[in-house]
Amino acid sequence: MDNNFLVIENISKSFGDNKVLENINLNISKSEFFGLLGSSGSGKTTLLRILGGFEKPDTGRVILDGTDITNLEPFDRPLNYMFQSYALFPHLNVFNNLAFGIKENFTRKEIEITVRNIAELLSIEHLLNRRIKQLSGGEQQRVALGRCLIKKPKLLLLDEPLAALDKKLRSKTQLELTTLQKKLKITFVFVTHDQEEAMSLSDRMAIMKNGLILECSSPEEIYENPKSLYTANFIGIANIIEIYKKDENFYSDDLGINFKLNKELKNTKTNILLRPEKIKIQSINNLKTSSFNSFSGEILEKSYLGSFTRYEIKIKNMIISVLDQNFNSSSNYNFPKGEKVICSWESESIKVLED
Amino acid sequence: MKNKLFEKYFVFSPYFWLILFFFIPLAIIFKISISVSEWGMPPYQDIFLFDNGFKINTTFENYVYIFSDYYYIGSFVNSLILALISTFFCLLIGFPLAFYIATSNIRLRNILLVLVVIPFWSSFLLRVYAWKIILQNNGILNIILLNLGITSEPLQLLYNQYAVIMGIVYTYLPLMILPLYGYLNKFDLNLIEASKDLGLNRIKTFFKVILPLSVPGIVAGSLLVFIPVVGEFIIPEMLGGSDRLYYGKILWEEFFVNRNWPGASALAFSGIIILVLPIVIFQILYSRWSQKNEI
């Protein structure tokens, strides 16, 4: 696989005194579905707009398929951009919106055939004569997607592709989008602030904060082994515990318990991550607490989520979140509020955060 | 009950206004235009005579008179051409300005809008007179041109149709910019980016996206300039020469110099009908079209 299909090299961008992007470097492979995840103000949309050609970077280069496109105008770039608002042309019907980008170079007949094909691909053939205002949000999203894909771009940029859809439609569209991308083998780069969306769509994703890329890896890797405290907190639910070396083991003042790690640490003091689903929760009657990697605490809050129950468990100065899968429908697995429970975990589940 | 009555009056208030200040004056003008003229005060005969029984005393001779003399028709045509040219130039200058104002940041936008409106704070006559001072033979513009050596003798800039067009474009430009701005203000700039992204360069994007979506603003601004310019009297009078006669001037002369009220009224009434009828038809067709296209 070509790892250098899209190369983003030393890209920096400021708006006035405000540094939006600082020395961004990324390599994206051909046919990859790549996500840029960050909260608002992280610079992710600016980066996407630089790729689209709507902003010029202060420094750095963008190389697409071996060609430097940094100074090309948007209309000269072999890529397309799907706007968050979809930016469909209200004065044109669906057919003419789809045909907008190919009218120049195609004959009438070719346009007709190409539009029909793309409409079929996205199952919007029945909408071709409609006005944009007569479309639902989901239909508009398909038209916007079709209008880009009809140009057969080397790269498709998507700005918050699902943000304007309601929740139920969103998960359906998510699946369709990944299927479509795998089928067409077009490289997709998208921007989102929604971590679930980023995880479910991306082959790889980059976490952005204050104009920097903190981490770039597969969703699994980022969830299971985040490098930074920010990422650990940003993706999923995180229990962050500060520990320090004490004799053979590590000790947490907040929890008042010992941790046993299966690897050595560089620092004597560090933050560790413990994901809530990695913690096993048991009734206090069954067991005694062991001397490490376990504690007993009191259930402070409980929320039933269907397939899971989320507990907030108080121990000493801290509240630890635990996700407990509801294996069967009997209430044995559900601990009531105020109950004392024992929590424990494997040494491998403890992830050491670098900063 | 009282509230309902108030609502009714409130809804119909534009119609009251129209009746009071448009239809009644129009009816009076029409009445005078079909009267027989005479020397006296007022300079026309009553249309209903009761001396020897009831008699209707009307004539269409005034209409025959103005339509058979190219002097009148020609001046009206001149005014239409003047209005067309002026509207075109107002649009040419006003559109980029309105677009720039609408797309600039809020602070700059407010400053620019104030600058557009500021001329309204001074007298209209004064502003036109200022142009006279700028354009006259020993005026500022000629002094600059002479000193720069661009011309060896003062240019005759005043008292011709070009000075008139310039004066009108200057005066009516805000009337073009403001409705255009009001419309362009709502323009989704992503549409321009989307068009470029789909491969259309700036010029094509302008004609395929910006222009079609600006039609309502262009129509509103153009009508606001075109209609009053047809009847414009002061600017041609002050900046124009004898090379071209315009409708407003002829109308004024017919009323106040020739004291031919019935003739002048016929001229005024014909002018309104010729001007308003096509515009009303255009508006009806246009509103149907824009509803269909949902612009």
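This is a predicted model: local features need pLDDT of at least 70, side-chain atom pairs count only at pLDDT 80 or more; totals for chains, interfaces and linings use all residues.
**Figure 1. Overall dimensions of chain B.** Along the principal axes, the C-alpha atoms of chain B fill a box of roughly 80 × 70 × 35 Å. The radius of gyration of chain B is 24 Å, whereas a compact globule of 295 residues would have one near 19 Å. Of the 295 residues in chain B, 29% are buried. Among contacts in chain B with a separation of 6 or more, 69% join residues 24 or more positions apart.

**Figure 2. The side of chain B that touches chain A.** Here 17 residues of chain B are in contact with 20 residues of chain A. On the chain B side, two or more residues each come from α8 (190-197) and α9 (202-230). Helix α8(B) gives the largest share, six residues. By class, this side of chain B has eight nonpolar, four polar and five charged residues.

**Figure 3. An open sheet in chain A.** Four strands of chain A lie in the order β2-β1-β4-β5, with antiparallel pairing. Strands β2 (18-28) and β5 (67-68) of chain A are at the edges; each has a single partner strand, so one side of each has no neighbour in the sheet. In general, the strands of a sheet pair through backbone hydrogen bonds. Strand β1 (residues 6-15) of chain A pairs with β2(A) over seven bridges. Within this part of the sheet, Val7(A) is found opposite Asn27(A) in β2(A).

**Figure 4. Nonpolar cores.** The largest nonpolar core holds 69 residues, and Met82(A), Leu156(A), Leu157(A) and Val189(A) have the most contacts inside it. Apart from neighbours within four places in sequence, Met82(A) is in contact with Ala144(A), Leu145(A), Cys148(A), Leu156(A), Leu157(A), Leu158(A), Asp159(A) and Pro161(A). A second, separate core has 47 residues, including Ile101(B), Ile235(B), Tyr246(B) and Phe269(B). Nonpolar side chains tend to be buried together in soluble globular proteins.

**Figure 5. The two domains assigned in chain A.** Domain 1 of chain A covers residues 6-233, and domain 2 covers 237-353. Taken over C-alpha atoms, the centres of domain 1 and domain 2 of chain A are 39 Å apart. Six residues from domain 1 of chain A and six residues from domain 2 of chain A take part in the contact. On the domain 1 side, these are three nonpolar, three polar and no charged residues.

Methods. Residues are numbered from 1 along each chain as its sequence is written. Chains are lettered from A and ligands numbered from 1 in the order in which they are written. Two strands pair if DSSP finds at least two bridges between them. A nonpolar core is a set of buried Ala, Val, Leu, Ile, Met, Phe, Trp, Tyr and Cys residues joined through C-beta atoms within 7 Å. A residue is buried if 20 or more other C-beta atoms lie within 10 Å of its own, exposed if 12 or fewer, and partly exposed in between; C-beta atoms are placed from the backbone. Two residues are in contact if their C-beta atoms, placed from the backbone, lie within 7 Å. Ala, Val, Leu, Ile, Met, Phe, Trp, Tyr, Cys and Pro count as nonpolar, Asp, Glu, Lys and Arg as charged, and the others, Gly among them, as polar. Domain bounds come from an automatic or database domain assignment. The radius of gyration is taken over C-alpha atoms; the globule rule is 2.2 Å times the number of residues to the power 0.38.
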